[in-house]
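Good morning, and thank you for making time for this presentation. Please look at the sequence and the structure together as I put them on the screen.

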Amino acid sequence: MPIMNGLEATKMIRDDLGMKNLPILALTANAYHTHKKECKDAGMNDSLAKPFNISQLQNILIKNLNLESKDSILSPSRHDEVNLPDSFQQKLDRIFIEDTEVRIIKLK
């Protein structure tokens, strides 16, 4: 990620925003045990190393989202809208705007 990495983003979500129950899963190119520990220490619930297959992704989602089966992942009743606190949305907007400005400057 251009502005902050997943570990930093997770810490912000957990510590600054107090969203302790939000499931956060790392999809990472790093499969080392030490990196998995870093993810856990940052507050992530689980991690999955790339490349992965659809079955591995389904299993990690079932495990961490308390779903009963693969069918419930695709169930429309599971797609609830997420309401983020205004302060969190403002931080996301600021990061997006700053990143966009940097990318535009680089294009010039």
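I shall begin with the overall layout and then go through individual elements and residues.

A word on conventions. This is a predicted model, in which local features need pLDDT of at least 70 and side-chain atom pairs count only at pLDDT 80 or more, while totals for chains, interfaces and linings use all residues. Residues are numbered from 1 along each chain as its sequence is written, and side-chain values use heavy atoms, with hydrogens and water left out.

Let us start with the whole chain. The protein chain has five helices and two strands, where helices (H or I, at least four residues) and strands (E, at least two) are DSSP runs numbered from the N terminus. Along the sequence, the order of elements is α-β-α-β-α-α-α. The protein chain has 108 residues, and 27% of them count as buried; buried means under 20% relative accessible area, exposed over 50%, and partly exposed in between, with a 1.4 Å probe and protein chains only. Where contacts join residues at least 6 apart in sequence, 35% of them join residues at least 24 apart; contact here means heavy atoms within 4.5 Å.

I turn now to helix α1. This helix covers residues 6–16, and its buried residues are L7, A9, T10, M12, I13 and R14. What caps its N-terminal end? The cap of α1 is N5, with a side-chain oxygen 2.9 Å from the backbone nitrogen of L7. That distance can be set against the polar-contact criterion: a pair of N or O atoms within 3.5 Å, where within protein one must be able to donate a hydrogen and the other to accept it, and residues adjacent in sequence count only if both atoms are side-chain atoms. Just after α1, G18 has a positive phi of about 70°.

Two further residues belong with this part of the chain. G6 is in helix α1 and counts as partly exposed because its relative accessibility is 29%. M4 is placed in the segment before α1, and its relative accessible area of 17% is why M4 counts as buried. Beyond residues up to four places away in sequence, M4 touches A9, M12 and I95. M4 and I95 are 91 residues apart in sequence, yet 8.8 Å apart in space from C-alpha to C-alpha.

Next comes the packing of two helices. How do α1 and α2 lie relative to each other? The axes of α1 and helix α2, residues 33–42, come within 8 Å and cross at roughly 20°; axes are lines fitted to C-alpha atoms, for helices over the stretch in contact, and angles run from 0 to 180 degrees between N-to-C directions. The two helices are therefore roughly parallel to each other, the label for angles under 35 degrees, with over 145 roughly antiparallel, 65 to 115 roughly perpendicular and the rest oblique. In this contact, L7, T10, K11 and R14 of α1 meet E38, C39 and A42 of α2. By class, three of the residues are nonpolar, one is polar and three are charged.

L7 deserves a separate mention. Leaving out residues up to four places away in sequence, L7 touches E38, C39, A42 and M44. The C-alpha atoms of L7 and E38 are separated by 7.7 Å, at 31 residues apart along the chain.

We move on to strand β2, where S47 lies. Is S47 buried or exposed? S47 counts as buried because its relative accessibility is 9%. Apart from residues up to four places away in sequence, S47 touches A26, K36, C39 and I60.

The loop between β2 (46–49) and α3 (54–64) holds P51. A cis peptide bond joins K50 and P51, with omega about -5°. As background, most peptide bonds are trans, and most residues other than glycine have a negative phi.

N53 caps its N-terminal end, with a side-chain oxygen 3.1 Å from the backbone nitrogen of S55. Within α3, I60, I62 and N64 are buried. L57, also found in helix α3, is partly exposed because its relative accessible area is 22%. Neighbours within four places in sequence aside, L57 is in contact with L27, L48 and F52. After α3 comes N66, whose phi is positive, near 55°.

Thank you for your attention.

Conventions: Ala, Val, Leu, Ile, Met, Phe, Trp, Tyr, Cys and Pro count as nonpolar, Asp, Glu, Lys and Arg as charged, and the others, Gly among them, as polar.
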